[in-house]
Amino acid sequence: MARSLAEEEEKTQEVTASSDPRISGGEMPSVRLQNVTKRFGDVVAVDDMSVDIARGEFFTMLGPSGCGKTTTLRMVAGFEEPTAGAILVDGRHMEGVPAFRRPTNTVFQSYALFPHLSVEENVAFGLRRKGVDKKEVTRRVGEELELVGLAGERKRKPRQLSGGQQQRVALARALVNRPAVLLLDEPLGALDLKLRKGLQVELKRIQREVGITFVYVTHDQEEALTMSDRIAVMNRGIVEQVDQPEAVYDRPRTTFVAGFIGVSNLMPGAVQSANGHDAEVRLDSGVTVTAPTDGLRSGERVHAVVRPEKLQLDPAETPSVDDRPNVEGLLESSLYLGTATQVVVRLPDGVSMTVLVPNTDEEARRRLPGAGAQVRLSWASEHMHVVREEGTPVHANGAMDGDGAALPDAIPTPAEPALTEEGK
Ligand code: ATP
């Protein structure tokens, strides 16, 4: 139900500054999700989510298909209302504020351009509907097309553009209104890998230039790591970790995050003793390692996580160096990848470990043990991270539950929701 302006103003209330230490100086967050839950019948799509997104931040929601990313984005956009909790944009409560009155704009996976309009007419559409002065429209549209690198294509129709170019037009159209927050739902999902990589870099540049808060949804972990200031890793409606890309990669908090981001080596084991600082962990492969406790208790089941590029591979007869943790195993396979060789080693407890050996030295690469060899894997303690074992499924190598396609009702047709948004 739409509110009157006065009612909305009233809701611009006494919002407290962010307590999130990553949001500097207690500044008002650009977007605040406060205990947001969304249920569809029995399905809990989003479960008690709380997060503050800073102004000008590139914030990504990452997770497998069905984890609640799109639903969260749609609630911020105003296409769905939360079942419980509150959403604030620039300190203003969004409850009851329709999508077209929110200071947000959305870029979807489908470009949803008007086929009969030229590139510049597509971008100008919303401004014209708002009755913006003709000269001003020309100036702003020109600026946006420059920004997205399409100034030379302004007279073309969408069908005369590549997929990547069409998505740039959609981006220019969403940015021309200078929304406080741009919401992007898998915007590169329909593009081929090479184009996607190029546009990732472009998107990041554009976001830096315009300084608008970007809230980005993807199931592609590499995309999230490349572009984001912070990433929220979601699983079954729950945010498992919100952190900078390096932290999510190097210091995953849960088994799910460790398994979802990058190729992970998860060695199961149990905490034998913990003293408040460190825990002794007996891995199922028979090796005992020491790790920071992080609240671990004696008897708890855990996983020791070591990334493939942090493992050193040597023939088993090579003596171990210093007190580095190490374990012996059987080299199962070796795959030449160009820049590196990927080796799979099976440990005594049956766990497979992936090792990435950089191909910096051709001679050293030739000396690598072959399949069937007994080898020793070792790593520096600081490159090992111990996380609690959980009931959540681990999606090794970022494997998806589904194809990650957006729900059909999340995609506007050129004739409808896109118009609502453009009509601001
Ligand atoms: P994807 O990457 O596939 O788009 P997602 O992480 O964005 O997935 P959501 O689309 O937010 O996930 O869906 C979260 C859960 O809510 C899923 O179980 C989905 O089936 C359910 N869901 C989403 N929208 C609706 C709806 N309109 N009615 C019923 N259930 C829904």
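These legends go with a set of close-up views of one predicted protein model.

**View 1. The whole chain, before we zoom in.** The protein chain holds 11 helices and 20 strands. Of its 424 residues, 40% count as buried. Look also at how the chain folds back on itself: among contacts with a separation of 6 or more, 68% come from residues 24 or more positions apart.

**View 2. An open sheet of 5 strands.** Here the strands follow the order S13-S12-S11-S14-S20, and the pairing is antiparallel. At the edges you will find strand S13 (288-292) and strand S20 (384-388), each of which pairs on one side only. Neighbouring strands of this sheet are turned by 40° against each other on average, direction ignored.

**View 3. Strands S11 and S12 side by side.** Strand S11 (residues 265-274) and strand S12 (residues 278-283) run antiparallel and are joined by 5 bridges. Which residue of S12 is the bridge partner of alanine 274? The partner is another alanine, alanine 279.

View 4. Strand S1 (residues 31-40) runs antiparallel to strand S2 (residues 43-53), with 7 bridges joining them.

**View 5. Helix H5, mostly covered.** This helix spans residues 163-175, and its 13 residues reach 18 Å from the first C-alpha to the last, close to the 18 Å expected at 1.5 Å a residue. How many of the 13 residues of H5 are buried? The count is 10, and among them are Gln166, Arg168, Val169, Leu171 and Leu175. When you trace a helix, remember that an α-helix has 3.6 residues a turn, so residues three or four places apart point the same way.

View 6. You can find serine 378 in strand S19 (residues 374-378). Why does serine 378 count as partly exposed? Serine 378 has 17 other C-beta atoms within 10 Å, while a buried residue would need 20 or more and an exposed one 12 or fewer. Leaving aside neighbours within four places in sequence, serine 378 is in contact with residues including Gln312, Ser320 and Arg324. Lysine 310 is 68 residues from serine 378 in sequence, yet their C-alpha atoms are 8.7 Å apart in space.

Note on methods. Residues numbered from 1 in each chain as written. Predicted model: local features only at pLDDT ≥ 70, side-chain atom pairs only at ≥ 80, totals over all residues. Helix = DSSP H or I, 4+ residues; strand = E, 2+ residues; numbered from the N terminus. Contact = placed C-beta atoms within 7 Å. Pairing = 2+ DSSP bridges. Axes fitted to C-alpha atoms, helices over the stretch in contact; angles between N-to-C directions. Expected span 1.5 Å × (residues − 1).
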